[in-house]
Amino acid sequence: MASRVEPGLPYPLGVTLRSGGINVALPSETAERVELCLFDADGKEERVELPERSGHVFHGYLPGIGAGQRYGFRVHGAWDPARGLRHNPHKLLLDPWARAVEGAFGAGEEVFGHHWDDAGKLNEADSAGSVPRSVVVDESFDWGDDTPPRTPLHATVVYETHVKGLTHTHPDVPEELRGTYAGLAHPAVTGYLKDLGVTTVELLPVHQFVQDSHLEEKGLRNYWGYNSIGFLAPHGEYSAAGDGGGQVAEFKQMVKDLHAAGLEVVLDVVYNHTAEGNDQGPTFSLKGIDNGSFYRLVEGDEAHYFDTSGTGNSLNASHPAALGLVMDSLRYWVQEMHVDGFRFDLATTLTRQGGEMDVHSAFLTLVHQDPVLAPVKMIAEPWDTAGYQVGGFPARWSEWNGKYRDDVRDFWRGEEGVLGAFAHRVTGSGDIYGGAPGTGARDPLCSVNFVTAHDGFTLHDLTSYDAKHNEANGEGNNDGESDNKSWGCGAEGPTDDEGVNELRTRQRKNFLATLLLSHGVPMVLGGDEMGRTQGGNNNAYCQDSEISWFDWSAVDEDLVAFTRELTALRREHPALRPRHFGDVDVEMRRADGPEMGDEDWADPLNKALTIHLTGPRSDGADDVEEFMLMVNGSDGAVQFTVPTRSDSGKDPEPEDLPGWKLELSTDPEQHVKKRGLAPGQQILVRDRSLTLLHRVD
């Protein structure tokens, strides 16, 4: 297959097409030599030693080899786990820079660099028959007039979903496309998302990932995909074109079609760890190339891994080799795949310098100055297993605001003493991101607000269960979070009680309305708007089944319509989505009208509040428009008074002046007379509900 090999170039890394052949470059500080392994259609292997080394990069050029070539690497060097050296040329290694991966990983002892009964002993069994191949890919693609939507953050509504789960049972998607990139790009799906009013589709991991053997032994599968091994390769199982390289063009076509529908694509990326696990884990790629450069090892005990991801290893984000791989991956997905942003799983791990979190870490610094990444969205999950960093990322970043989730859940389930925290969350979490100019303050758009996410209950289940029900996961219901701040509204799971079901419906609308009327960037968990349930499972990572898939035959159309109404309100009214603190005047008022005082905030039994917003009109006129969000989290109805313009005690405005109109309510029985409400008049807001009034000057 290879007639000759020439020195080639040390960059770009990986295997790339160049001048009628392929350039090959692989970095390793500790390797002694590197072999490129080429495979023909029958699986026959030919090994070619890379002839040149520049710095720490082994490289070569092979003419006459093109797209579609299957390959891997064998890396020769010391085997000394005690010093962190795990080279084993008997293991065929995946190219970390591969654009496509074909095949699946086995779980037998042959894919481990060591023997199972002796972790220090070199395992000389050949792994080639039990690991996939990297595939040379032709990156050419007709993007036509593709233009990224570049939706500004203040206009963004994120929809977190799963390529397979969203489409696997969709009746209008052709069966052969269900569960694939092509299926997600089908007009039936893009049309639904567009009509729903979301702007940005955030996909659970689509980097090539590995199925967990312990799950497969139980008849389960890694559904979420947080087990990455290929940072530049779209996961082959999600491709209708198969995993032989066609998945790359199919992914690009998906992005192009979503862009044509005005929808952005954000990827949930897992750079904090890989599927190679700890010192007892397999050798698939980085571990056998340069273990100590790509992974963080325990200082003074280099046989073991410093783990803040909870998966066995953590990427060594303070080392140039690991950082280079991450940055190459990010730029690739933006430049070649045209994606619009990233959500970083356990992003705090990537900020660790010498093990400690550092806002001036090399990773954050590189991202901040990179011109390719400058236009795209960067969203951090601001914690890992060893630290919580909400509010600690630089101004360039938005963050998943876990405090928003917890405080909003607490308020609507009736907890005492959380009204002040709830008020902060609805108005942009100024206690986290606000502050005086010049103090490093950020703005409300740094907060990605969410009530539910893939990890935890769906909205349906949050309002239907007091406890998790994860028995299907095969771990004795011991997995998953036990404190969900959930409330089943008086019953556990499905019930025929009409009162309970009515309250659950109201609660779901309360959560959706709170989320989409809050300042910040809202993120809706895909399926919440249609009442998707996981049967009380709050850790469905291993459920590639009806538990996780969208059930398009059981859509709550009323809830979908309500969600559309909310996204339209948000889209049409700038006062509901300010860019900065101070863009909208915010007054917090008691239910009876006056502004909240210290004693009102301190009252643990107070669960009623009017949030009075005054901001720019949607039509751009010089006058303002006002909203009053009246929230009642108590278990009894509360009489609210429409406040006057000030607390000076002046009489209410005459009723013939423009009145407050009912814009939205989670109480289906709520109504306001046609002329609207004048200041000083009253409105009854029922238990656990909210009402939004609107007035234009």
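**Close-up views of a predicted model**

**View 1. Strand β14 lies between two parallel partners, β15 and β29.** In β29, V524 is the bridge partner of Y159. The model is predicted: local features need pLDDT of at least 70, side-chain atom pairs count only at pLDDT 80 or more, and totals for chains, interfaces and linings use all residues. Residues are numbered from 1 along each chain as its sequence is written, and side-chain values use heavy atoms, with hydrogens and water left out. Strands (E, at least two residues) and helices (H or I, at least four) are DSSP runs, numbered from the N terminus. Two strands pair if DSSP finds at least two bridges between them. β14 (residues 158–161) and β29 (residues 521–525) pair in the parallel sense over three bridges. β15 (residues 200–203) also runs parallel to β14, joined by four bridges, and there E202 is the bridge partner of E160. V158 and E160 point one way from β14, Y159 and T161 the other way, and all are buried. Buried means under 20% relative accessible area (1.4 Å probe, protein chains only).

**View 2. An open sheet has four strands in antiparallel pairing.** The strand order is β1-β2-β6-β5. At the edges are β1 (14–18) and β5 (52–54), each of which pairs on one side only. β5 is joined to β6 (residues 57–63) by three bridges in the antiparallel sense, and R53 stands opposite F58 in β6.

**View 3. Helix α7 spans residues 320–335.** From the first C-alpha to the last, the 16 residues of α7 reach 21 Å, close to the 22 Å expected at 1.5 Å a residue. The expected span is 1.5 Å times one less than the number of residues. α7 is mostly covered, with 12 of its 16 residues buried. Among them are L323, D328, Y332 and W333.

**View 4. The largest cavity holds about 120 Å³ of space.** Closest to its centre, of the 14 residues that line it, are H162, Y223, H454, L525 and R532. Five residues of the lining are nonpolar, seven polar and two charged. Here Ala, Val, Leu, Ile, Met, Phe, Trp, Tyr, Cys and Pro count as nonpolar, Asp, Glu, Lys and Arg as charged, and the others, Gly among them, as polar. A cavity is a set of points on a 1 Å grid over the protein atoms alone where a 1.4 Å probe fits but cannot get out; lining residues have an atom within 4 Å of a point. Its volume is the space filled by probe spheres set on the points, which are joined across faces, edges and corners.

Note on methods. 1 Å grid on protein atoms, 1.4 Å probe; cavity = no way out; pocket = protein on both sides within 12 Å on 5 of 7 lines; lining within 4 Å. Buried < 20%, exposed > 50% of the residue type's maximum accessible area, 1.4 Å probe, protein only.
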